[in-house]
Amino acid sequence: MLRYAAGRLLAALPVLAIVSLLSFGIVWIVPGDVAVEMAGPTATAEELARLRERLGLTRPWYEQLAGWYGALLRGDLGESILLRQGVAQAIVERLPVTLSLTFTALAIAFVCGTALGVLAAVRAGQAADRVAMGTALVGFSLPDFWLGLVFVYVFAVLLGWLPTGGYVPFSQDPAGWARSMLLPAAALALSQMGLFARMTRAAMLEVLRQDYVRTARAKGMPGWIVIGKHALRNALIPVVTVAGIAAGVLLGGAVVIESVFSLPGVGRLIVGAIQRRDYPVIQGGLLLTATIFVLVNLIVDLLYAALDPRIRHGRR
Amino acid sequence: MSLLSVRDLAVSFGGTRVLEDMSFDIAEGEVLGVVGESGSGKSMTALAIMGLLPMGGSAAGRIRFEDRDLLALPEREMQRLRGERLAMIFQEPMASLNPVFTVGEQIAEVLRRHRGMDRRSAHREAISLLKLVEIAAAERRVDEYPHQLSGGMRQRAMIAIALACRPKLLIADEPTTALDATVQAGILDLLRGLRRELGMAVLLITHDLGVVSDICERVVVMYAGRVAETGAADAIFARPSHPYTQALLAAIPRLDGPIGALPAIGGVVPAPADFPQGCRFAPRCPHALPACEVGPPALRTTVSGTDAACIRVQEVA
Ligand SMILES: Nc1ncnc2c1ncn2[C@@H]1O[C@H](COP(=O)(O)OP(=O)(O)OP(=O)(O)O)[C@@H](O)[C@H]1O
Ligand code: SF4
Ligand SMILES: [Mg+2]
């Protein structure tokens, strides 16, 4: 298991190297002059020169590259031109919001989705199956920002049960944190819940036909153990793959949801940076997003191995 | 009184009857062999007894085990019997064990369920069960996963699961068909030894007439979802009465090979939807007469003391 984990970790390193190179390269890839883009059409030649100097664009590319990696290893992502703040600091301040949102949504989507999927598979072809899959389809089809707006209107404005938006740090007030996360996370989760439900149903139907499920029944195990232990443990293996992809989709969706619920997260930071051509922040955001992806995939690989002994032993 | 008594068992999928008029008994400690070509309904008989018919299948008739009527028993009480007094092993040892749990966990689970053992004593008992089924290095194997075991070892592990609670009846559905010849012999020796040691009854389903003559006291020969002939193994092998039994025995040069094609008669078992009106063997039977196609022949006692479902059994035997 340790060897497997170390192997997955090593395999992730080249990906990170490539992404960091791409982040560095953005400034070179964008058409036109980065300084002009950032400063806007009204900037004077003098202002442009000063900006180029600050961005280090006047130095040869290899010096810039060396400087980029040197700073990166120190955890320095440069300065945001507009926020007048270190990029790393700006991200770290907002990261808990985005991670809370994404992973609460992932947890909701996973738990509710697999539960729906199991129910649908066990009652395949019956009314419960159709209701569960109908719910999944509806969740799958409704856009998350629309759901967010509806949730705000119903649960915050009409019923007044939950806040309309804003973020409460977990460390400050766990209950308040949960209240601030519930609506945005639910709005974000619903589409992926549908995905989990469909995947789980398909995987369960496949697994329920296997001989070892019959063996479990031949041993006299009660139905809920046959389903919840013997079948589900096997069905979860393909579902976990989806979890990796879902985490990525949710991270992307978080950008919009943060705006709907006025959550001060990384998504809004990056969107603002793109609108205002704040390249250091864009670079940092790209690097961060890619790093999260790599980490999530690493976690998925480890979960895989935890669920399937054949992978731990290097088979399959 | 017999341990298991099956009367007029029928199994249907939707409107299709794949099995009917199935009756036999197994006494305590007895080994009953069930033979017949592929598709004759052997597995459906076994699964009906276990209450584990595939989805859409339903059983009718009577199955009495000890003093219970299994077909009338609520599922909850069937669960108490399965794995405890009534156990089954399957044809595919590769697929029959759960790939994500260790062999020990899978054995211990039965003991914890039916014997209420705690984790540690169940684990210890799992090791002694692996020793009982003659798996070497049981202390190490107990914590291994199915993919780390050979086919023969997996089938031994399955047997360990089935025997964990010392069942009164073990149903073995072609337990060696998927294994190499040398491994097969080992598993059969094991089964033979264990049933003598534990005194349990065995319902042994097999393609292999050699195995039947070797370890079974009585035999049921099935054809196309019905009993063709049943009786003492010695009598059936010494003097087969039903034309189908005769063909089966003629198909193997010695009593130690599996049933192959039936060169003497040719043809194949019809599918359940195409079962003939009368004797189902009629299309392939060298002795068939128009009278054979009237209705399914009832069992009648033969000169060798067996019961055969053939109207001409007096003449052809
Ligand atoms: N799930 C099912 N739905 C419908 N018919 C089925 C189903 N399973 C089996 N049958 C039919 O039931 C009949 C008996 O099948 P069974 O598996 O009992 O045969 P068998 O004697 O065990 O054969 P084999 O030696 O191949 O294992 C076959 O004709 C088969 O087509
Ligand atoms: S009843 Fe007729 S067809 Fe059937 S086995 Fe006997 S002789 Fe053959
Ligand atoms: Mg079979």
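## Chain A overview

Of the 316 residues in chain A, 45% are buried (under 20% relative accessible area; over 50% is exposed, and partly exposed lies in between; 1.4 Å probe, protein chains only). This is a predicted model, in which local features need pLDDT of at least 70 and side-chain atom pairs count only at pLDDT 80 or more, while totals for chains, interfaces and linings use all residues. Residues are numbered from 1 along each chain as its sequence is written, chains are lettered from A and ligands numbered from 1 in the order in which they are written, and side-chain values use heavy atoms, with hydrogens and water left out.

Chain A holds 13 helices and two strands. Helices (H or I, at least four residues) and strands (E, at least two) are DSSP runs, numbered from the N terminus. The C-alpha trace of chain A spans about 80 × 55 × 35 Å along its principal axes. Take the contacts in chain A (heavy atoms within 4.5 Å) between residues at least 6 apart in sequence: 73% of them join residues at least 24 apart.

## The interface between chains B and A

Chain B puts 27 residues in contact with 23 residues of chain A. About 2,300 Å² is buried between the two chains, and carbon and sulfur atoms give 57% of that. Buried area here is the accessible area (1.4 Å probe) that two parts lose on being put together, summed over both. In chain B, Val100(B), Glu109(B) and His147(B) lose the most area to chain A; together they account for 28% of what that side buries.

Two salt bridges are counted between the chains (a side-chain nitrogen of Lys or Arg within 4 Å of a carboxyl oxygen of Asp or Glu). Glu109(B) forms a salt bridge with Lys229(A), with the closest N and O atoms 3.0 Å apart.

Helices H1 (42-50), H3 (93-96), H4 (103-115) and H7 (151-163) of chain B each supply at least two residues of the side that touches chain A. H4(B) gives the largest share, five residues.

## Helix H1 of chain B

H1(B) is mostly covered, with eight of its nine residues buried. Among them are Lys42(B), Met44(B) and Leu47(B). Gly51(B) follows H1(B) and has a positive phi, near 70°.

## The sheet of chain B

Eight strands of chain B form an open sheet with mixed pairing, in the order E6-E7-E8-E3-E9-E10-E12-E11. Two strands pair if DSSP finds at least two bridges between them. E6 (86-89) and E11 (300-301) stand at the edges, each with a single partner strand, so one side of each has no neighbour in the sheet. E11(B) runs antiparallel to E12 (residues 307-308), joined by two bridges. Thr301(B) stands opposite Asp307(B) there.

Strand E9 (residues 218-223) of chain B is largely enclosed by the rest of the structure, because five of its six residues are buried. E9(B) pairs with E3 (residues 31-35) in the parallel sense over four bridges, and Leu32(B) stands opposite Arg218(B). E9(B) is also joined to E10 (residues 226-232) by six bridges, and these two run antiparallel. Tyr223(B) stands opposite Arg226(B). E9(B) and E10(B) form a hairpin with two residues between them, and Ala224(B) in the turn has a positive phi of about 50°.
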